[in-house]
Amino acid sequence: MAPGALARILVGRRAASPLLARPFSAKARAPRRAPEPEPLSESEDDFAGGGQLAPTEGISKPLADVLKELGKRVPESLIKTRVEDNGFALKYIPWHIANKILNVHAPEWSGEVRNIVYSSDGKSVSVVYRVTLHGTDAEIYREATGTASVAEDTGFGDPVQKAEGMAFRRACARLGLGLHLYHEDLS
């Protein structure tokens with residue numbers, strides 16, 4: 001059947017509209033304009049994008065440059081502190097800040113939950129998360145685990161969300177993002 005014949009049959013011998021006259025594959029290839037990214041707030045540091053817009057498409061730099069940017073020290077203004085039950089103060093980067101930093105410095109990154117496992121006694125859940133960075137010359141991935149208690153859930157979010165956030169942050173650290181925080185804990 002000729003491209004447009006179906007449209008003429010469906011429309012009933014009237015002249016087909018330009019959209020119906022094109023074959024479906026031509027519609028799929030028609031260029032679509034991507035929405036403009038929203039500018040970042042003024043309070044954010046240059047590390048997380050400053051006043052710059054985050055790239056939204058295309059792999060923009062070699063993997064070595066991406067890793068170099070992620071390996072820089074994260075400003076204190078982006079770091080949170082949580083005090084554990086034993087009184088130990090733990091510094092961390094919230095998952096949404098890590099996500100934003102990846103969006104700025106590695107716009108083609110991807111992440112996925114690889115596995116969710118509940119302990120045999122049902123008291124905890126562990127999540128394995130993979131972060132993949134794509135550069136112009138190569139790609140690299142790192143996986144990490146996070147574990148959360150099911151029984152003693154006193155904060156926001158369910159245990160799987162907490163374990164996923166922990167695993168995501170750890171995978172990012174294995175790529176260099178916020179790695180300095182783990183070294184500070186040792187001193």
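Predicted model: local features only at pLDDT ≥ 70, side-chain atom pairs only at ≥ 80, totals over all residues.
Residues are numbered from 1 along each chain as its sequence is written, and side-chain values use heavy atoms, without hydrogens or water. Local features need pLDDT of at least 70 and side-chain atom pairs 80 or more, while totals for chains, interfaces and linings use all residues.

Start with the layout. The protein chain has seven helices and five strands. Both are DSSP runs, numbered from the N terminus: helices (H or I) have at least four residues, strands (E) at least two. From the N terminus, the order is α-α-α-α-β-β-α-β-β-β-α-α. Of the 187 residues, 30% count as buried. Buried means under 20% relative accessible area, exposed over 50%, and partly exposed in between (1.4 Å probe, protein chains only).

Now find helix H5, residues 95-105. Its buried residues are Ile97, Ala98, Ile101, Leu102, Val104 and His105. An α-helix has 3.6 residues a turn, so residues three or four places apart point the same way. The buried residues of H5 pack against H4, strand E4 (124-134) and helix H6 (159-174). Contact here means heavy atoms within 4.5 Å.

Next, look at Lys72. It lies in the loop between helix H4 (63-70) and strand E1 (80-83). Lys72 counts as partly exposed because its relative accessibility is 38%. Its side chain joins that of Glu69 through a polar contact of 3.2 Å. Such a contact is a pair of N or O atoms within 3.5 Å; within protein, one must be able to donate a hydrogen and the other to accept it, and residues adjacent in sequence count only if both atoms are side-chain atoms.
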